[in-house]
Amino acid sequence: MVTEEHARAKRPVSALLAGPYGHPLHPILVTVPIGAWVASLVFDIASLCVHDPAFLTRASMWLIAVGVLGAVAAATAGLLDLVAIPAGTPAQRTALVHMTVNLLVTGAYVGGFFWRHAAGTGGSVGAGMLALSAVSLGALGFSGYLGGKLAYRYGVRVADETTQAEGYTPSRPSR
C-alpha cells in the first residue's frame, strides 16, 4: 500500500534543480565524482609503475578536484530528494547515513587534494595518499549501496508502479 507520504517522496521538491518526476538528476550527477575518483586511484597506482610519474600524479590531483565539484552538484540534488522523504522512516534514516558518508568521503578528498597540492606532483603518489584514496573510494562504494537501497528498495524518486507499467504495455504495430 502506497501512503500519501510515500507518494510525496517520489515527487521532486524542485523539478528544475532535482529533475522532473521519474527522472531525478542526483543519480546522473553522482557519476562525475565516482568516475573522477576511480580514475584518480587508477592514476595513483599507475604513478608507482612508470619512470616519470609527474603527469599521473598531477592528473590524479585534478581528477580529485573535478570529483569534489561534481560531488557538490550531486549533493545539491540529493539534498532536495532527501527533504521529500518522510521523517522517522527507514528511508529517511538510510538517506541520512548515505548523506553523512558522502560528506565524509568528499571531505577526505578535499583534504587529499590539499595534501597533494602541498606535497607537489613531481614524484609518484605516497603510500598515505594512496591509502586515503582507496579507503575513501571504499566508503563511497558503501554509500552507493545505500543509494541503491533508497532507489530500488524504498523507491525514492522512482516513478510509481502505474507510471512504470507504461513501459511494459505493448505498443500497437503500425500499419
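In α7, the buried residues are Met-129, Ser-133, Ser-136, Leu-137, Leu-140, Ser-143, Leu-146 and Leu-150. The model is predicted.

**Exercise 1.** Describe the span of α7 and state which elements its buried residues pack against.

Solution. Step one: α7 has 27 residues. Step two: from its first C-alpha to its last, α7 reaches 38 Å, close to the 39 Å expected at 1.5 Å a residue. Step three: the buried residues of α7 pack against α4, α5 and α6. Step four: after α7 comes Gly-155, with a positive phi near 70 degrees.

**Exercise 2.** Find the volume of the largest cavity and describe its lining.

Solution. Step one: the count of cavities of 30 Å³ or more is 1. Step two: the largest cavity has a volume of about 40 Å³. Step three: its lining includes Met-129 and Ser-133, two residues that are buried in α7. Step four: α6 gives the largest share of this lining, 5 residues. Step five: by kind, the lining of the largest cavity divides into 6 nonpolar, 2 polar and 1 charged.

**Exercise 3.** Describe the largest pocket by its volume and lining.

Solution. Step one: the volume of the largest pocket is about 910 Å³. Step two: 34 residues line the largest pocket, and His-26, Pro-27, Val-30, His-98 and Gly-147 lie nearest its centre. Step three: the elements that give two or more residues to this lining are α3, α4, α5, α6 and α7. Step four: the lining of the largest pocket holds 22 nonpolar, 10 polar and 2 charged residues.

Notes: Residues are numbered from 1 along each chain as its sequence is written. This is a predicted model: local features need pLDDT of at least 70, side-chain atom pairs count only at pLDDT 80 or more; totals for chains, interfaces and linings use all residues. Side-chain values use heavy atoms; hydrogens and water are left out. On a 1 Å grid over the protein atoms alone, a cavity is a set of points where a 1.4 Å probe fits but cannot get out, and a pocket is an open set with protein on both sides within 12 Å along at least five of seven lines; lining residues have an atom within 4 Å of a point. Grid points are joined across faces, edges and corners, and a volume is the space filled by probe spheres set on the points. Helices (H or I, at least four residues) and strands (E, at least two) are DSSP runs, numbered from the N terminus. Ala, Val, Leu, Ile, Met, Phe, Trp, Tyr, Cys and Pro count as nonpolar, Asp, Glu, Lys and Arg as charged, and the others, Gly among them, as polar. The expected span of a helix is 1.5 Å times one less than its number of residues. Buried means under 20% relative accessible area, exposed over 50%, partly exposed in between (1.4 Å probe, protein chains only). Contact means heavy atoms within 4.5 Å.
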